[in-house]
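I opened this entry to keep a record of what I looked up, in the order I looked. The chain comes next, then my notes.

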Amino acid sequence: MATAPTAPTAFELPDVAALAVGDVVAERVFGLTRDTLVRYAGASGDFNPIHYRDDVAKAVGLPGVLAHGMLTMGLAIQPVVDWVGDPNRVTDYQVRFTRPIVVDPELGAIVTVVAKVAELDADARTARIDLTVTVGGETVLGKAQVRVTLS
């Protein structure tokens with residue numbers, strides 16, 4: 001028996017008045033594999049072999065194949081975009097790369113993102129969200145900050 005399709009639920013924009021500095025607004029865990037890197041390379045056009053060949057990565061002094069920095073940035077901001085419901089609400093986003101993400105050929109890598117309110121401006125209806133992005137308990141993006149509008 002077929003079920004009737006359900007209507008999409010309306011997105012509710014986060015209420016700036018209900019937020020406080022320190023609130024965790026989003027958390028997400030992403031798994032990266034070598035397949036992920038190949039797909040990202042195809043989409044981005046970044047076919048630098050350090051992202052898919054261990055021999056090349058090691059020849060240039062890297063510990064192994066690395067995830068693309070822009071891929072990491074994209075993964076890190078996605079929980080915030082989902083929280084605010086529209087990428088157009090992101091007015092600024094910046095990070096510092098602090099540690100490369102080595103993607104093991106068999107185990108891959110697990111990226112954990114925690115998004116926390118760092119500043120609020122109720123009058124302007126804006127917030128700064130700080131991201132903690134880690135792999136294996138080590139921070140891979142420093143000073144990762146996202147500014148969003150909540151109106």
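Which residue just after α1 takes a positive phi? I found that Gly-45 does, with a phi of about 85°.

**Ground rules.** I worked on a predicted model, where local features need pLDDT of at least 70, side-chain atom pairs count only at pLDDT 80 or more, and totals for chains, interfaces and linings use all residues. Residues are numbered from 1 along each chain as its sequence is written, and side-chain values use heavy atoms, with hydrogens and water left out.

**Overall.** I noted three helices and five strands in the chain. Helices (H or I, at least four residues) and strands (E, at least two) are DSSP runs, numbered from the N terminus. Along the sequence they follow the pattern β-α-α-α-β-β-β-β. The C-alpha trace spans about 55 × 50 × 25 Å along its principal axes. I recorded that 36% of the 151 residues count as buried. For burial I used relative accessible area: buried is under 20%, exposed is over 50%, and partly exposed is in between (1.4 Å probe, protein chains only). The accessible surface of the chain comes to about 8800 Å², and 52% of that belongs to carbon and sulfur atoms. Those areas come from the Shrake-Rupley method with a 1.4 Å probe; for residues, only the protein chains shown count as cover. For contacts (heavy atoms within 4.5 Å), I took those between residues at least 6 apart in sequence: 67% of them join residues at least 24 apart.

**Helix α1.** I then went through the helix that holds Val-38, α1, residues 34–44. Its buried residues are Arg-34, Leu-37 and Ala-41. Seen down the axis of α1, these buried residues fall within an arc of 55°, so they line one face of the helix. The arc is that of the directions from the helix axis to the C-beta atoms. An α-helix has 3.6 residues a turn, so residues three or four places apart point the same way. The buried residues of α1 pack against α2 (54–59) and α3 (69–84). On the other side of α1, I listed Arg-39 and Ala-43 as exposed. At the start of α1, a side-chain oxygen of Thr-33 comes to within 3.2 Å of the backbone nitrogen of Asp-35. I counted a polar contact as a pair of N or O atoms within 3.5 Å; within protein, one must be able to donate a hydrogen and the other to accept it, and residues adjacent in sequence count only if both atoms are side-chain atoms.

**Surface patch.** Which residues make the nonpolar surface patch of about 310 Å²? I have Val-38, Phe-47 and Tyr-52 for it. Patch residues have over 30% relative accessible area and no salt bridge; like charges are joined within 9 Å, and nonpolar side chains (Val, Leu, Ile, Met, Phe, Trp, Tyr) within 5 Å. A salt bridge is a side-chain nitrogen of Lys or Arg within 4 Å of a carboxyl oxygen of Asp or Glu.

**His-51.** I placed His-51 in the loop between α1 and α2. Is His-51 buried or exposed? His-51 is buried, with a relative accessible area of 8%. Its side chain reaches the backbone oxygen of Leu-66 at 2.6 Å. Not counting residues up to four places away in sequence, His-51 touches Leu-37, Asp-46, Val-65, Leu-66, Ala-67 and His-68.

Most residues other than glycine have a negative phi. I noted Arg-125, with a phi near 55°, in the loop between β3 (109–121) and β4 (126–135). At 30% relative accessibility, Arg-125 counts as partly exposed. I also noted Lys-143, with a positive phi of about 45°, in strand β5 (residues 138–149).

**Val-81.** Val-81 sits in helix α3 and is buried, at 14% relative accessible area. I found its C-alpha atom 9.7 Å from that of Val-146, 65 residues apart along the chain. Val-81 touches Asp-86, Pro-87 and Val-90, leaving out residues up to four places away in sequence.

**The two end segments.** I looked up Ala-10 in the segment before β1 (24–32); Ala-10 is exposed at 69% relative accessibility. Leu-150 lies in the segment after β5 and is buried at 0% relative accessibility. Among the residues that Leu-150 touches are Leu-13, Trp-83 and Arg-125.
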